[in-house]
Amino acid sequence: MSGQSITDRITAAQHSVTGSAISKTVCKATTHEIMGPKKKHLDYLIQCTNEMNVNIPQLADTLFERTTNTSWVVVFKSLTTTHHLMVYGNERFIQYLASRNTLFNLSNFLDKSGLQGYDMSTFIRRYSRYLNEKAVSYRQVAFDFTKVKRGSDGLMRTMNTEKLLKTIPIIQNQMDVLLDFNVNANELTNGVINAAFMLLFKDAIRLFAAYNEGIINLLEKYFDMKKVQCKDGLDIYKKFLTRMTRISEFLKVAEQVGIDRGDIPDLSQAPSSLLDALEQHLASLEGKKVKDSTAASRASTLSNAVSSLANTGISFTRVDEREKQAALEEEQARLKALKEQRLKELQKNPTTATTDSSPVSTLGGTINSTPAIDLFSTPSSTNSTSKGANDLLDLQPAFQQPLPLSTTNTWGGFTASPTQQPQNSRGLNVDFDSVFGNNTNANNLDSTVASSPNQGMTLNGQQPNKLVSTDLDSSLANLVGNLGIGNGTAKK
């Protein structure tokens with residue numbers, strides 16, 4: 001089976017219709033394609049865990065729902081996606097998983113669709129058990145062992161004796177479940193299980209590094225412990241030696257599948273004489289007869305053991321630093337590619353470099369200093385207003401030349417200042433100041449219109465008509481007659 005199935009496309013389309021981008025991305029990351037989840041989908045889901053407005057329970061429930069599928073490919077990729085978010089996502093995600101009573105219930109999962117389904121179902125059951133244990137460990141100690149600070153001032157090196165004896169067994173349980181994945185190099189045959197193995201490999205390195213530092217702290221405190229604490233500490237150290245052998249086998253598989261040798265840490269085992277010194281000290285506390293050993297020899301043995309384990313820790317730290325450096329280089333390469341692409345776009349379309357919000361255009365090296373038009377400014381005089389209106393009427397050559405009008409006709413009886421308009425043989429000259437007037441007074445609206453015999457002129461030998469303030473129809477008819485529009489005859 002290769003490529004997205006019809007079911008995958010239909011499910012993605014349903015989430016597109018409902019507008020759930022997270023559910024659609026989860027569906028695309030867990031398709032039936034026999035390959036690991038795509039990086040772009042994982043990066044989007046990681047970004048979602050960092051957004052405060054994203055519903056983390058909904059995201060987790062969507063992943064849990066995908067694990068109920070009958071196909072081993074979908075289930076395996078769902079577990080891989082969940083593991084990726086637990087490692088690289090926001091801590092809110094693993095906090096929510098730790099708060100749940102149940103996570104993955106896949107202990108009886110079996111895909112009977114083919115021989116490969118039978119084989120992969122075994123690893124799915126083991127993988128789900130590890131993810132459950134990882135969440136339980138976080139619930140018990142409230143932090144992730146793979147993300148704790150390491151070094152001489154790290155968390156595991158500075159922990160007190162009581163808490164240390166309770167914490168190290170939790171690491172041991174998680175390490176045991178991880179190593180129970182127990183895959184061989186010839187079983188890593190497809191991209192799905194390879195993606196899961198890489199996540200387990202990185203978890204194993206970081207988890208064992210924290211485990212190693214806890215053992216160093218334990219050895220440094222061992223000869224100052226009480227008898228009961230020494231007994232627990234000796235048991236922890238014996239289990240540590242067993243797990244060191246198992247982790248060495250796990251790292252050999254990683255080397256066989258093509259992981260760079262520089263990414264695999266070197267394990268340095270403590271001298272066997274240390275175990276004898278620890279057992280003799282416990283026996284002396286229990287009152288048993290032991291062969292005499294000086295404090296100097298005991299201190300020398302402890303120093304050698306701590307030095308060997310410290311070298312192992314340094315090796316793990318170098319691996320982490322290389323991984324961080326590779327991630328930084330990859331991010332820088334991505335940023336460089338984006339910058340080059342942006343420069344090419346600007347070279348093709350240089351106009352996109354200018355901003356629309358700037359009132360000054362600097363295109364071509366020139367500055368546009370044209371003054372802006374003030375739409376809200378008031379005219380300097382009433383004559384400019386009337387002249388502008390008259391100029392609009394002058395554009396109509398069809399109008400006949402009117403006779404000069406009296407400048408004393410006003411609204412409400414006030415006399416306007418006389419305005420002389422030049423005669424135009426081709427257009428219509430109308431003095432709006434004379435007709436409508438610029439000065440009005442609400443107290444004298446009902447007064448009669450005054451006319452000046454010196455300035456007034458007759459139209460067809462008649463006296464100019466007066467506006468009747470009490471009759472609107474007569475006033476309008478009189479106004480039309482004064483404008484002189486028509487065949488040159490006055491209209492009442």
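**Entry 1: His41**

I started with His41 and found it in helix α3, which covers residues 39–50. A reminder to myself: this is a predicted model, and the values in these entries are computed from it.

Is His41 buried or exposed? His41 has a relative accessibility of 10%, and buried means under 20%, so His41 counts as buried. I then listed its contacts, leaving out residues up to four places away in sequence. That left Thr25, Lys28 and Ala29 as the residues His41 touches.

**Entry 2: α2 against α3**

Those contacts made me look at the helix pair. Helix α2 takes in residues 21–29, and it packs with α3 at an angle of about 145 degrees. I noted 9 Å between the two axes. The crossing of α2 and α3 came out left-handed.

Which residues make the contact? From α2 I wrote down Ala21, Ile22, Thr25, Val26, Lys28 and Ala29. From α3 I wrote down His41, Tyr44, Leu45 and Cys48. Sorted by class, the contact of α2 with α3 has 7 nonpolar, 2 polar and 1 charged residues.

**Entry 3: cysteines**

Cys48 has a relative accessible area of 6%, so I put Cys48 down as buried. Cys230 is at 0% relative accessibility and therefore counts as buried.

**Entry 4: aromatic pairs**

Next I searched the whole structure for aromatic pairs and got 11. I looked at Phe64 with Phe104: the ring centres are 5.0 Å apart and the planes stand at 80 degrees. Why is this pair edge-to-face? Planes over 60 degrees apart count as edge-to-face, and the angle here is 80 degrees, so the pair falls in that class.

Phe64 counts as buried because its relative accessibility is 10%. Phe104, at 7%, is buried too.

I then turned to Phe76 and Tyr127, an aromatic pair that is tilted. I noted 5.9 Å centre to centre and 55 degrees between the planes. Here too, distant parts of the chain are linked: Phe76 belongs to helix α5 (residues 72–88) and Tyr127 to helix α7, 51 residues apart. Both Phe76 and Tyr127 are buried.

Which residues do ring pairs link into a cluster with Phe76? I found Phe123, Tyr127 and Phe181 joined with Phe76 in this way.

**Entry 5: Gln229**

I moved on to Gln229, which has its place in helix α10 (residues 227–256). Its relative accessibility is 17%, and the cut-off for buried is under 20%, so Gln229 counts as buried. Setting aside neighbours within four places in sequence, I found Gln229 in contact with Thr161, Glu162 and Leu165.

**Entry 6: the whole chain**

The protein chain has 15 helices and 0 strands. Of its 492 residues, 39% are buried. I also looked at contacts between residues at least 6 apart in sequence, and 76% of these join residues at least 24 apart.

Key. Residues numbered from 1 in each chain as written. Predicted model: local features only at pLDDT ≥ 70, side-chain atom pairs only at ≥ 80, totals over all residues. Heavy atoms only, no water. Helix = DSSP H or I, 4+ residues; strand = E, 2+ residues; numbered from the N terminus. Buried < 20%, exposed > 50% of the residue type's maximum accessible area, 1.4 Å probe, protein only. Contact = heavy atoms within 4.5 Å. Axes fitted to C-alpha atoms, helices over the stretch in contact; angles between N-to-C directions. Left-handed = near helix turned anticlockwise from the far one by under 90°. Nonpolar A, V, L, I, M, F, W, Y, C, P; charged D, E, K, R; others polar. Phe/Tyr/Trp six-rings, centres within 6.5 Å; stacked < 30°, edge-to-face > 60°.
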